[in-house]
Amino acid sequence: MIKHVILWQLKDEYSEEEKATIKTGIKEGLEELKGKIPGLLEIKVRIEYLPSSNVDVMLDSTFDSEESLKAYAIHPAHVEVADTKVRPYTKSRACMDYVV
């Protein structure tokens with residue numbers, strides 16, 4: 001199995017209210033991908049965090065293989081969520097993929 005973890009920071013230009021709406025949209029959009037993409041076993045998005053955090057959103061997902069992760073990256077459903085709910089609002093992205 002493969003873990004795919006991403007951490008994002010939202011752009012500074014958004015108010016706290018706007019950030020809350022954006023984070024909810026990211027969470028709903030990504031979590032709705034479960035069952036739509038072959039090999040995607042689990043997907044959770046965290047938007048609640050302690051004040052000591054320095055990111056706004058965390059994606060924690062599990063795939064059955066590295067090939068499934070590669071297919072997810074270009075799957076139309078994922079690309080649509082990324083292009084409409086994530087990329088326009090984020091200023092930084094950190095990713096770690098590893099074998100479980």
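Into how many nonpolar, polar and charged residues does the lining of the largest pocket divide? The lining divides into 9 nonpolar, 3 polar and 3 charged residues, where Ala, Val, Leu, Ile, Met, Phe, Trp, Tyr, Cys and Pro count as nonpolar, Asp, Glu, Lys and Arg as charged, and the others, Gly among them, as polar.

The model is predicted: local features need pLDDT of at least 70, side-chain atom pairs count only at pLDDT 80 or more, and totals for chains, interfaces and linings use all residues. Residues are numbered from 1 along each chain as its sequence is written, and side-chain values use heavy atoms, with hydrogens and water left out.

**View 1. The largest pocket holds about 240 Å³ of space.** A pocket is an open set of points on a 1 Å grid over the protein atoms alone, where a 1.4 Å probe fits, with protein on both sides within 12 Å along at least five of seven lines; lining residues have an atom within 4 Å of a point. The volume is the space filled by probe spheres set on the points. Among the 15 lining residues, Ile6, Trp8, His78, Arg87 and Arg93 are the closest to the pocket centre. S1, helix H2 (66–74), H3 and S4 each give two or more residues to the lining.

**View 2. Four strands form an open antiparallel sheet in the order S2-S3-S1-S4.** Helices (H or I, at least four residues) and strands (E, at least two) are DSSP runs, and two strands pair if DSSP finds at least two bridges between them. Strand S2 (40–46) and strand S4 (90–99) are the edges; each has a single partner strand, so one side of each lacks a neighbour in the sheet. The twist averages 15° from one strand to the next. Strand S1 (residues 2–10) pairs with S4 over 9 bridges, and Trp8 has Arg93 as its bridge partner in S4.

**View 3. Helix H1 (residues 16–31) packs against helix H3 (residues 76–86) at about 180°, with axes 10 Å apart.** Axes are lines fitted to C-alpha atoms, for helices over the stretch in contact, and angles run from 0 to 180 degrees between N-to-C directions. H1 is therefore roughly antiparallel to H3 (over 145 degrees). Gly25, Ile26, Gly29 and Leu30 of H1 meet His78, Val81, Lys85 and Val86 of H3, contact being heavy atoms within 4.5 Å.

**View 4. The axes of H2 and H3 come within 5 Å and cross at roughly 55°.** The two helices are therefore oblique to each other, a class that takes the angles left over from under 35 (roughly parallel), over 145 (roughly antiparallel) and 65 to 115 degrees (roughly perpendicular). Tyr72, Ala73 and Ile74 of H2 touch Pro76, His78 and Val79 of H3.
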